[in-house]
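Please keep the structure open while reading.

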Amino acid sequence: MMEFIRCKRAQQREVEDLYEGAVSSLLAGTNWPQWSSDYPRSAVAAAIRSGEQYAALDDTGQIVGAVMLGEDPGADYSLGSWQRDLRSGEFLAVHALAAAGEARGRGIGRFLLEGCIEEARSGGYRAVRLDIVPENEPARRLYTGRGFQPAGMADLRRGLPQVPLWELFEYNL
């Protein structure tokens with residue numbers, strides 16, 4: 001049975017290693033999310049400090065998946081075509097969802113999403129939102145398969161020329 005946890009400082013290296021493995025795999029194949037050798041690994045320490053780094057533990061206590069979840073979407077979400085007009089602080093944003101290489105295909109992504117939705121619900125938030133690179137078909141299938149609704153495409157003013165538009169999704173609570 002898996003467990004969804006908020007990561008502690010002692011788990012930083014294990015989470016960084018999971019992301020490093022995910023990026024290596026992506027760079028060797030199709031880099032759907034356009035991650036780099038630096039991101040998301042470089043964001044783990046800050047996410048742990050702010051309480052925004054979560055993980056999926058398998059029944060042996062090993063981290064098999066990771067996700068960042070917080071109020072800051074890291075972009076201008078006011079540009080989205082959201083179903084509900086929510087202000088900052090009324091929704092949580094999902095970032096950097098990844099499964100360990102040996103755990104891919106075992107439902108880790110869906111389990112992490114369930115944890116994110118439950119965190120938002122228990123925290124009194126009204127929605128969970130996220131954005132993806134439009135070509136990221138595996139992520140689109142995961143999110144829509146869990147009930148996330150499309151919220152249009154937008155330039156989120158991230159200043160990344162390789163991704164001029166982002167595809168947006170939301171799950172309303």
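Just after helix α4, G147 takes a positive phi of about 100 degrees. The model is predicted: local features need pLDDT of at least 70, side-chain atom pairs count only at pLDDT 80 or more, and totals for chains, interfaces and linings use all residues. Residues are numbered from 1 along each chain as its sequence is written, and side-chain values use heavy atoms, with hydrogens and water left out. Helices (H or I, at least four residues) and strands (E, at least two) are DSSP runs, numbered from the N terminus.

**Helix α4**

- Helix α4 spans residues 137-145, and its buried residues are A139, R140 and Y143. Buried means under 20% relative accessible area, exposed over 50%, partly exposed in between (1.4 Å probe, protein chains only).
- These buried residues fall within an arc of 100 degrees seen down the axis of α4, so they line one face. The arc is that of the directions from the helix axis to the C-beta atoms.
- R141 and G145 are exposed, on the face turned away from the buried side of α4.
- The buried residues of α4 pack against β4 (91-99), α3 (108-122), β5 (127-132) and β7 (166-172). Contact here means heavy atoms within 4.5 Å.
- At the start of α4, a side-chain oxygen of N136 comes to within 3.1 Å of the backbone nitrogen of A139. A polar contact is a pair of N or O atoms within 3.5 Å; within protein, one must be able to donate a hydrogen and the other to accept it, and residues adjacent in sequence count only if both atoms are side-chain atoms.

**Residue A56**

- A56 sits in strand β2 (residues 53-57).
- A56 is buried, at a relative accessible area of 0%.
- Leaving out residues up to four places away in sequence, A56 touches M2, E3, Q62, I63, V64, G65, I108, F111 and L112.
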